[in-house]
Amino acid sequence: MRFDEFFVRDGRFAADGVSLDELAGKCPTPFYIYSASGIRAKYRLLKECFPAFDICYSLKANPSPAVCNILAASGAGAEVSSPKELATALAAGFAPGNVVYVAPAKTAVDIEQVLRAGIHAIVADAASDLRLIETAARGLRMRPRVLLRINTRETQPEAKEVMVGGPSKFGFDEERVADDVAGVRLEQARIAGVQVYSASQVLNRVWLAAHIEYVFRLARRLSRELEFRLETVDFGGGFGVPQRERDHELDLAGLAGTIAGPLAEFRSDEPDCRLVFESGRYLVAESGVFVTRVIRVKESRGRVFAICDGGINAFSRPVFMRVKHPVRLLNRLAEPATTHVDVCGPICTPLDCIAKDAHLPLPRAGDLVGLLNAGAYGCTMSLLDFMSRGRPTEFMAESGELRRA
Ligand SMILES: Cc1ncc(COP(=O)(O)O)c(C=O)c1O
């Protein structure tokens, strides 16, 4: 976990040179704080390990403009899943030619809007998508690149969200794609490659290497069988981050070493094919902390509750996805953990517990509780209007300066 690297200076909480006192003075709780240098560092790490791949930032992880600006300026492309995400990406500075559109439910209106922007490629999940894309392309007199999303027959990884290897709402089933595509006449739109998004939060390097090799083989086979020129292969994302205190880092350098052979072999046959990784969580999760303030502390029948001003309304992920985020008392980082605490929010349901059994110093009213790894699927995935508590604000810290994210 990179909390100590990105958010701790001299034993105290600080976000990119902004002290906790300054944050507490300027940011009403609950809020999200992001570290610009953390996001840049993660992009650099991924790109340095995989120079042959374009890294497309998945905006669904965190579409806040400040986060998008940083990744666009770092050289990333974007993976977007709705017309609104596309607009956010373009406004943030991602070049249309570096954007891929991946969405399981596309309307004719969505498709027309997306094609008009001149993006690199749109991903089709079904024959009906191909027909809609073809109709839009004829109307616009464009020749869009289409990638076929494939629900492969790969062995599934150990992960909470797996999208290949079984029945799936995503993509063409691998064994049926040839028949499905044969039934569609394409004159304007052109099939230009494949896309396979397999799973999220994968830390298993061996599985990821096998996935990448699988997609290399699949792309070449489908290009032969369906007779299209392979212009782009999109391997999806799924690179995980240490989530529990005991989790290990994903060994990216090891992964790069393992796929070097298959990559070289692929490159010798397809020197110009564009290779894409989509990544959300890996790039931004560890650069965000959700901060909520303790309003009161209660002991009830042997359990300690810290009742805070922001809970599942502002940070739904721990309950919605059943994920245990690491927790700290940000204003008392150096103090030893002595107590098991349920960190709860202001919402009228017992479900509103964002950290169960967190091991912390005994909290006091006024303490600032930080839930770590909140930069991805945090604010954007939350029940923001529930109980009309107001939305948490997002801030970006960069070189000692603070701005709205
Ligand atoms: C198609 C697609 N691409 C990319 C991502 C980003 O995944 P991650 O945040 O695990 O990198 C997702 C997440 O659901 C996705 O559905």
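Colleague: What does Tyr 101 touch, leaving out residues up to four places away in sequence?
Modeller: Tyr 101 touches Val 80, Leu 86, Val 114, Ile 119, Ile 122 and Val 123. Contact means C-beta atoms, placed from the backbone, within 7 Å. Keep in mind that this is a predicted model: local features need pLDDT of at least 70, side-chain atom pairs count only at pLDDT 80 or more, and totals for chains, interfaces and linings use all residues. Residues are numbered from 1 along each chain as its sequence is written.

Colleague: Which residues touch the most other members of the largest nonpolar core?
Modeller: Tyr 101 and Val 343, in a core of 126 residues. A nonpolar core here is a set of buried Ala, Val, Leu, Ile, Met, Phe, Trp, Tyr and Cys residues joined through C-beta atoms within 7 Å. Buried means 20 or more other C-beta atoms within 10 Å of the residue's own, exposed means 12 or fewer, and partly exposed is in between. The largest share of the core, nine residues, comes from α9. Helices (H or I, at least four residues) and strands (E, at least two) are DSSP runs, numbered from the N terminus.

Colleague: How far apart are the C-alpha centres of domain 1 and domain 2?
Modeller: They lie 36 Å apart. Seven residues of domain 1 are in contact with five of domain 2. On the domain 1 side, the touching residues are four nonpolar, one polar and two charged. Ala, Val, Leu, Ile, Met, Phe, Trp, Tyr, Cys and Pro count as nonpolar, Asp, Glu, Lys and Arg as charged, and the others, Gly among them, as polar.

Colleague: Backbone next. Is the peptide bond from Thr 29 to Pro 30 cis or trans?
Modeller: Cis, with omega near -5°. Pro 30 lies in the loop between α2 (20–26) and β4 (31–35). The C-alpha of Gly 310, 280 residues away along the chain, is separated from that of Pro 30 by 5.3 Å.

Colleague: And Gly 310, buried or exposed?
Modeller: Gly 310 is buried, with 28 other C-beta atoms within 10 Å. Its contacts beyond four places in sequence include Thr 29, Pro 30 and Phe 315.

Colleague: Which residue has a phi near 50°?
Modeller: Arg 141, and it is not a glycine. Most residues other than glycine have a negative phi. Arg 141 is exposed, with 7 C-beta neighbours inside 10 Å. Gln 201 also has a positive phi, about 55°. But Gln 201 is buried, with 24 other C-beta atoms within 10 Å.

Colleague: Last one. What is the strand order in the open sheet of three strands?
Modeller: β1-β2-β3, with antiparallel pairing. Strands pair if DSSP finds at least two bridges between them. β1 (8–9) and β3 (18–19) each have a single partner strand, so one side of each is left without a neighbour in the sheet.

How values were computed: Domain bounds come from an automatic or database domain assignment. Two residues are in contact if their C-beta atoms, placed from the backbone, lie within 7 Å.
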